[in-house]
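This briefing is intended for reading alongside the sequence and the structure. It covers helix packing and some local features of the backbone.

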Amino acid sequence: MRVLCVLVLAAGVSAQTPTPPAKPAPPPLTETKPVIKTHELKLNGRTLKYRSTTGLMALKADNGEIEASLFYVAYTLDPAPAAAERPLTFCFNGGPGAGSLWLHLGAIGPRRVRMNDDGSLPPAPYKLAPNEATWLDRSDLVFIDPVGTGFSRARSPEDAKKFFGLNGDIESVGRFVRLYLNENKRWSSPLFLAGESYGTTRASGLAGHLVDKGIALNGVILISTIMNFQTARFARGNDLPDLLFLRTYTAIAWYHKKLPADLQRDLKKAIDESRRFASGPYVQALQKGDTLTPAERKQTLDQLVRLTGLDRSWIDRADLRIEIGRFCKELLR
């Protein structure tokens, strides 16, 4: 009888937890025509007339099927000057996993997000404004979203694995560049790459990849460069970030008026002193580890307090090493 009750109960539980339906397959990728619009921008006393071209570039497998679509926005002067003479710059952000939104609407596109004078975000509703710092007066611009960012996507999760790696990412963006040059007859234009953060790693690898494919570049622009990731990875046994970030901490402390009076009066003097300390006494102190004498530790602490504005006991407890996230929290505490 007890066995029968258990079987009935199990059957009841099973009936209440049906198998969830399978997720529907994503719609197939198809080729679409780009959307082209005309615009005007008043820049340094003159009017720039330009076109925006928004589209999806199809990357096809050997069998002709589309395995990924790369979203892009291109800005070109209108009417176009001689294509052979007009520079063309391909732009992308980093992450990895970030679309080109930040360079596009935050730095070099013809329009930017309106911010407060101190760089902070204003209250909603958010607005766009003409970007007087745009590069469009010097070069046509193509903002690329790599696969998996923005509106760019692969045909399936299995196909996505092909693009989610150092070489796959470089190869797919390289294919985009070649296809764009073909479709827009820009092979004779001076060509540039502009990458930010991980995009500098991509741009460096892409430069060699494109040369191997017969596409020579006239320049590579690296923004917020990172090539050696140990320089930004705070970890036990790796003191590089502590040394390299110190001058930035000094500049931030200066902005918030947390430095001593003599440094607060002269930002350049403060940063120069921070750089000299980081490349000399500071690196020596960190390398000595437990062999650092009490007098040497006191001298190091005195200088770190002077250059960062942080609490002395806090730096001492952190063993003279200041991680970026903790610095941001402690400076204004």
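In which loop is lysine 257 found? Lysine 257 is found in the loop between α7 and α8 (261–264). The model is a predicted one, and the points below are grouped by topic.

**Residues with a positive phi**

- Lysine 257 is not a glycine, yet its phi is positive, at about 60°. Its relative accessibility is 66%, so lysine 257 counts as exposed, the cut-off being over 50%.
- Leucine 320, also not a glycine, has a positive phi of about 70°. This residue lies in the loop between α11 (312–317) and α12 (324–330).
- Leucine 320 has a relative accessible area of 2% and is therefore buried, the cut-off being under 20%.

**Helix α5 and its surroundings**

- Helix α5 comprises residues 198–212, 15 residues in total. From its first C-alpha to its last it reaches 22 Å, close to the 21 Å expected at 1.5 Å a residue.
- The buried residues of α5 are Tyr198, Gly199, Thr200, Thr201, Arg202, Ala203, Leu206, Ala207, His209 and Leu210.
- These buried residues pack against the strands β4 (88–92), β9 (191–196) and β10 (219–223), and against helix α4 (166–184).

- A pair of packed helices is described by the angle between the two axes and the distance between them.
- *α7 with α9.* The axes of α7 (residues 246–255) and α9 (residues 267–288) come within 8 Å and cross at roughly 150°. The angle is over 145°, so α7 is roughly antiparallel to α9. The crossing of α7 and α9 is right-handed.
- On the α7 side of this pair, Leu246, Arg247, Thr250, Ala251 and Trp254 take part. Their partners in α9 are Leu267, Ala270, Ile271, Ser274, Arg275, Phe277, Ala278 and Tyr282. By class, the contact of α7 with α9 has 9 nonpolar, 2 polar and 2 charged residues.
- *α9 with α10.* The axes of α9 and α10 (residues 294–308) come within 11 Å, with a crossing angle of roughly 150°. This angle makes α9 roughly antiparallel to α10. The crossing of α9 and α10 is left-handed.
- In the contact of α9 with α10, α9 contributes Ala270, Glu273, Ser274, Phe277, Tyr282, Ala285 and Lys288. Helix α10 contributes Glu296, Thr300, Gln303, Leu304, Arg306 and Leu307. The residues of this contact divide into 6 nonpolar, 3 polar and 4 charged.
- *α7 with α10.* The axes of α7 and α10 come within 7 Å and cross at roughly 50°. At that angle α7 is oblique to α10.
- Leu246, Tyr249, Thr250 and Ala253 of α7 make this contact with Leu304, Leu307 and Thr308 of α10. The contact of α7 with α10 has 5 nonpolar and 2 polar residues, and no charged residues.

**Cis peptide bonds**

- Aspartate 78 and proline 79 are joined by a cis peptide bond, with omega about 0°. Proline 79 is placed in the loop between β3 (66–77) and β4.
- The peptide bond from alanine 124 to proline 125 is also cis, and its omega is near 5°. The loop that holds proline 125 is between β5 (111–113) and β6 (128–130).

Notes. Residues are numbered from 1 along each chain as its sequence is written. This is a predicted model: local features need pLDDT of at least 70, side-chain atom pairs count only at pLDDT 80 or more; totals for chains, interfaces and linings use all residues. Side-chain values use heavy atoms; hydrogens and water are left out. Helices (H or I, at least four residues) and strands (E, at least two) are DSSP runs, numbered from the N terminus. The expected span of a helix is 1.5 Å times one less than its number of residues. Buried means under 20% relative accessible area, exposed over 50%, partly exposed in between (1.4 Å probe, protein chains only). Contact means heavy atoms within 4.5 Å. Axes are lines fitted to C-alpha atoms, for helices over the stretch in contact, and angles run from 0 to 180 degrees between N-to-C directions. Angles under 35 degrees count as roughly parallel, over 145 as roughly antiparallel, 65 to 115 as roughly perpendicular and the rest as oblique. A crossing is left-handed if the near helix is turned anticlockwise from the far one by less than a right angle, and right-handed if clockwise. Ala, Val, Leu, Ile, Met, Phe, Trp, Tyr, Cys and Pro count as nonpolar, Asp, Glu, Lys and Arg as charged, and the others, Gly among them, as polar.
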